[in-house]
Amino acid sequence: MRGSPWLTISSVFTIFLSLFAPFGCASKAVTNPFNDPILARSESLLSPRFTDQVSFDNFSLSLQGQRIFLHSGEFHTYRLPVPDLWLDILEKVKAAGLNGVSVYTLMAVINPSRGVVDFNDWRALQPLYDAAKEAGIWITLRPGTHFAYINAESTAGGIAHWITTEVAGQLRTNASDYTDAWMDYILGIINQTAPNQITEGGPVILLQVDNEYNQAEGAGYFAELESVYDNSTIVIPLTYNDPGEGDNFINGTGAVDLYGLDSYPQGFDCSNPQNWNPVTTNYHSYHESANPSQPFYFPEFQGGSFDAWGPGAPGYAQCEILTGPDFQSVFNRQLWASNAKLTSFYMIFGGTSWGGIPFPGVYTSYDYGSTISENRGLTDKHMELKLQGIFLRSTPDFYKTNWIGDSSTAGFTAGSVTNSAAFVTFLQNPDSGAGFWIVRQSDSTSTATTDFKLNVTTAAGDKLQVPLVASNITLSGRESKVLLTDYALGSDSSLFYSTAQVFFSGTIGTKHVALLYGPSAQEHEFALAVPSDDASVTTIANSSSIIVTSGITVGLLGSNQSFTVFSVSSGFSGLASVFESDSLLVLFADSTTAKTFFSPVIPASTGDFVNYWGIGTNDSVLVGGPYLVRSANISSDGTTLALRGDLNVTSGLPTSTTLTVIAPASVTSVIWNGENVAVSPSSANGSSSILVGSILASTDTQNITIPVLSGWKFNNSLPEILSGFDDSSWTVANHTTTNIPFPMNYGDGRITYGCDYGFCENIVLWRGHFNGTGAETSANLSINGGVAFAASVWLNDIFLNTSFGNSTNDANVIDETDQKFVFPEGAVLVGADNVLTVVQDNMGLDETSGSDTDASKSPRGIRGYALNTGNFTEWKVQGKVGGYTGYLDKVRGVLNEGGLFGERQGWHLPGFDTSSWEARDLSEGLPDSQAGVGFFVTTFELAIPGGFDVPLSFTFEEPLGQPYRVYLFVNGWMMGKRVGNLGPQSKFPVHEGILDYNGTNTVAVALWAMEPNVTIAPQLELTLDGIFRGGIGQVSTNNPAWSPEGRV
């Protein structure tokens, strides 16, 4: 019998505080939060409750007193359960110019049962924090206790499954038993995170309390969570993500330190990726009305879309198009035009919803159409995001801007355009006067080309209509740009104006270097204001496509400014030096060329944040050509630049890669991945500051071979339907009450919900016993498995039917069925025990929905049972061995296994002996085309040479339509659920670390044939997704082998 939950929580918290007190130079005075009244925070507080190392005003966030633009993307480590690969993702995020990631943690796997908090293996946070420090990436941690609807698409929205059955109180409220349930998890998060805050030299700068909720319903719940954090050693600001423009948790009870909102302007149906919704035009006005004293924060902005089950689902390739580079160009810059200074793209890397992670609305792949694909490859979106990210990193003046007006503002003549089809928003730094003119099509969905000129006013009051020499500014369809005025280039030069965009601007060695760019098919123009007495000028353009007009003056208000105009003709391609002196180098490239460049950060020599731009270092270089540049270092004597990165050497690509480097003048040699690259100044580009060399491709790619999956062994995995099967060790389903708020549809009072017996996820088996009289002719079953589920039913050893759930791209949804199963004549054993066996697939628990926060207490199982006459004498249930309290596989975790006989025996694990099994190819399906479940197991060897990243996938080659389900296990990890009759997924990426790239690998396929006497012939192949020379380095495996201990 438990005591008072409040006493229990208080005691736990007191013990926690006593243990944690020694940590932290910025620790707060800590007290038990439940001894203090709940106080609402408000803007009237004289001082913030958080450290001054993280601060903000109405403009932007500051870290250690320095403004930043938090440019971030969402990354869920639990969707990539190989910690050695987390640095790979973070380096690719950093290469795109981003400086942060937002990270959900999955309570369901960290807190698998009451009193158990597990941060071991891939559930650990410390490897993430260490990788972030190494990459120079800030972290916004979002533990919450729930990932709300249309968010992480995780089972139960992330709430631990045990809570959905053991807690009587309403979820996501301040019900005492719910508070007691989440306390251990939150204290664990605090324990792991507090030593990794910025105040301790760590990467964590913000912490989100919870996600997407209504303050009217959750104020007390939020206040309780905040009280725990406030009275702990968490000293960073607490944040919130509002599901749209809801004004929640800005003021009043439960208010957070920093408010934000999410936005998904294209929605979540990728079926017609060329059909756009227009940009949201009231972001700025909403911010001004909601929280004008804080910076504008988007904790989630659309970076892709999830995809649903069913033959009508378009697949993630279409989602990548819907939210592709043109979407990024227009919609990301619309955030800038709204004066947002903290943005995070959901997702930057989606990953894999392996095992029982997904909620019913999505399938295994969580690729999301992201910038970084599920197999960790870079999409075209990475290039566009890099153009934006390096500009933001290069432009501190943009971190503090006033919103001056836009084309819809009455009297806004300063930014008027000569063509109403163009729309402009003007932002200006109040200190430097730098002007940012963000232009797009007035109809943001338009695919037309628009030409116009723009009236600008400089900081000195000069009024210009630009361009002055070129004929116009051009916007291609679905394109946005940031045009500039008074943009500083070092201490004594500037871009007086520019209709070309800036990719990079910063100091490299003794020069300030600026790289401008624009589409080759358009004209571009920029005006340089440089000291007139600079005798060191060596280059004034070097291309016939660039027209130079010197000595232009603008005289207004008594000022007299002279500048040189550079006009780039349409058709220009490549890279050109347009101006060079001892202190300044200005380059121009067409957009295609600019996208090949990276700007890796040069780490500082000392300090806590040596890899962090702006806080620890302001040094970088420009590197063009490779597929990816991960890092750069300059030797202590300044002569050698060491680069690390990847080359795309997939078959058919060029045998060498041209390397273009802009580095300090002292650099005379370049090393790529440990090998010397011969470089020399490039005369073609018109500057001795540009070094060019060639990286030769490796011939080792010829040694990379992918095996054919063969030598399959087979065994029946449904002995439960055979006469004499002993289910005495199974759990008796005899509860008569439940905390699940969905009543049984019918029955005799016994509850048959799997979670109530510890079996919440994946396949669960039920056995209903009855004594046969001969009068039994049918059974009615109401089965709840979630969207697109299935359940097959046998009477004794006779197959009756399969009950199919459904989803057709989120239409025609069926998550529960009610069906009569007719017994064939002679099937009932008169005077004997008869067994109705149900094999049920659970598709995950539902997320909460609005105020219905108990929706996650999903009634998975048999919601109704009745014989046409008589009663069931007993119901037995079996899921994974041990259920959620005693599951065996502590490495792969609570969501990995289900209740199939083969899973319970461990047939899916490496090392299980299948030598006595029947040889049978997977493509042959089950013997005699019967309905049932069988395990197919084989092994294969991989020998991938070091120094290569070789993404692989398991691909089902046969077309959709066959009525089967597959649970795909790779070295014991359930890495895919294939639903042959629904789809759409047929390709399942599996990463190194799950796969042993230099050893033996085991693949096990649990094949569930849902109909007899039909063709069920899976065609499974191991396929190559690409070959990249470089990679992340050594990747370890942790694939525990089979052991008989505990297997039943």
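How many nonpolar, polar and charged residues does the lining of the largest pocket have? By class, this lining has 11 nonpolar, 15 polar and four charged residues. Here Ala, Val, Leu, Ile, Met, Phe, Trp, Tyr, Cys and Pro count as nonpolar, Asp, Glu, Lys and Arg as charged, and the others, Gly among them, as polar.

The model is predicted: local features need pLDDT of at least 70, side-chain atom pairs count only at pLDDT 80 or more, and totals for chains, interfaces and linings use all residues. Residues are numbered from 1 along each chain as its sequence is written, and side-chain values use heavy atoms, with hydrogens and water left out.

The largest pocket holds about 550 Å³ of space. A total of 30 residues line this pocket, and the closest to its centre are Arg393, Ser394, Thr395, Pro396 and Trp613. A pocket is an open set of points on a 1 Å grid over the protein atoms alone, with protein on both sides within 12 Å along at least five of seven lines; a cavity is a set of points where a 1.4 Å probe fits but cannot get out; lining residues have an atom within 4 Å of a point. Grid points are joined across faces, edges and corners, and a volume is the space filled by probe spheres set on the points.

Four elements each supply at least two residues of the pocket lining: strand 3 (66-68), helix 11 (380-394), strand 19 (481-489) and strand 21 (501-508). Helix 11 gives the most, with four residues. Helices (H or I, at least four residues) and strands (E, at least two) are DSSP runs, numbered from the N terminus.

Strand 19 also has partners on record in the model. It pairs with strand 14 (residues 435-441) in the antiparallel sense over five bridges. Two strands pair if DSSP finds at least two bridges between them. Ile438 has Val482 of strand 19 as its bridge partner. Five bridges also join strand 19 to strand 20 (residues 493-498), again antiparallel.

Strand 7 (residues 204-211) and strand 8 (residues 238-242) run parallel and are joined by three bridges. Asn211 stands opposite Asn241 in strand 8. Axes are lines fitted to C-alpha atoms, for helices over the stretch in contact (heavy atoms within 4.5 Å), and angles run from 0 to 180 degrees between N-to-C directions.

Gln64 sits in the loop between strand 2 (61-63) and strand 3. Gln64 counts as partly exposed because its relative accessibility is 40%. Leaving aside neighbours within four places in sequence, Gln64 is in contact with Gln53, Ile198, Phe609 and Ile615.

The largest cavity has a volume of about 90 Å³.

Technical notes. Buried means under 20% relative accessible area, exposed over 50%, partly exposed in between (1.4 Å probe, protein chains only).
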